[in-house]
Amino acid sequence: MNAPASTSMPRALPADHRERLLGVAREVSFPLGARLFEEGGQADRFWIIRTGTVDLDMRVPGRRAAVIESLGHNELLGWSWLYPPHVWHLGAEATSLLRAYEFDARPVRAMCQSDPEFGRSIARWVGEVVAHRLQAARVRLLDLYAPYGSGTVH
């Protein structure tokens with residue numbers, strides 16, 4: 001299930017908000033197989049993927065972690081930083097060399113508080129990502145564990 005275009009950072013945020021957000025980013029890279037975060041861990045940062053891919057996964061008792069979705073170029077990696085209690089709901093692993101913009105959550109949340117228009121823009125974007133990820137998780141888990149799979153996405 002590919003992310004809708006509206007969840008891609010360049011399409012989701014107005015140019016001035018993109019520039020402001022990228023102004024507090026730092027460039028990072030991770031090797032193939034790196035775990036970026038674990039379900040239940042403290043969500044204190046997030047990333048926008050520049051190049052490479054990341055698998056989002058969910059722990060399933062008695063089984064291997066289930067891959068929920070793969071993310072790539074311009075996609076938001078991590079949304080739990082915005083909503084209390086700021087704890088990761090999924091895990092993430094680089095499935096190729098990953099280059100990304102990394103953001104410290106506290107200054108971004110402060111920017112959202114100090115500029116309501118910027119905050120609404122970020123919240124709308126992240127909310128669309130959350131809605132998409134919940135649907136992706138539902139479809140994937142039905143594919144894995146329902147007797148007949150999920151069929152088609154509606």
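**Notebook: a walk through the fold**

I started at histidine 17, which sits in helix α2, covering residues 15–22. A reminder to myself before going on: this is a predicted model.

Is histidine 17 buried or exposed? I looked up its relative accessible area and found 5%. Buried means under 20%, so histidine 17 is buried. Next I asked which residues it touches, leaving out those up to four places away in sequence. The list for histidine 17 is Glu117, Phe118 and Ser121.

**Overall layout**

I then stepped back to the whole protein. I noted 4 helices and 8 strands. Along the sequence the pattern reads α-α-β-β-β-β-β-β-β-β-α-α. The protein has 154 residues, and 42% of them are buried. I also checked how far apart in sequence the contacting residues lie. Taking contacts between residues at least 6 apart, 76% join residues at least 24 apart.

**The nonpolar cores**

A background thought for this page: in soluble globular proteins, nonpolar side chains tend to be buried together.

Here I looked for the largest nonpolar core and found 22 residues in it. Which of its members touch the most others? They are Leu36, Phe37, Trp47 and Leu77. I listed the elements that give two or more residues to this core: strands β1 (26–30), β2 (35–37), β3 (45–51), β4 (54–58), β5 (66–71), β7 (91–94) and β8 (98–104), along with helix α4 (116–145). Strand β4 gives the most, with 3 residues.

Setting aside neighbours within four places in sequence, I found leucine 36 in contact with Phe30, Trp47, Leu77, Ala92, Ala94 and Leu98.

There is also a second, separate core, this one of 21 residues. Among its members I noted Leu13, Trp79, Leu82 and Met111.

**Last stop: serine 29**

Serine 29 is in strand β1. I looked up its relative accessibility and got 47%.

What does serine 29 contact, apart from its neighbours within four places in sequence? I found Leu98 and Arg99. I followed up on arginine 99: it lies 70 residues from serine 29 in sequence, yet the two are 4.3 Å apart in space, C-alpha to C-alpha. My page on leucine 36 has Leu98 among its contacts too.

Technical notes. Residues are numbered from 1 along each chain as its sequence is written. This is a predicted model: local features need pLDDT of at least 70, side-chain atom pairs count only at pLDDT 80 or more; totals for chains, interfaces and linings use all residues. Side-chain values use heavy atoms; hydrogens and water are left out. A nonpolar core is a set of buried Ala, Val, Leu, Ile, Met, Phe, Trp, Tyr and Cys residues joined through side-chain atoms within 4.5 Å. Buried means under 20% relative accessible area, exposed over 50%, partly exposed in between (1.4 Å probe, protein chains only). Contact means heavy atoms within 4.5 Å.
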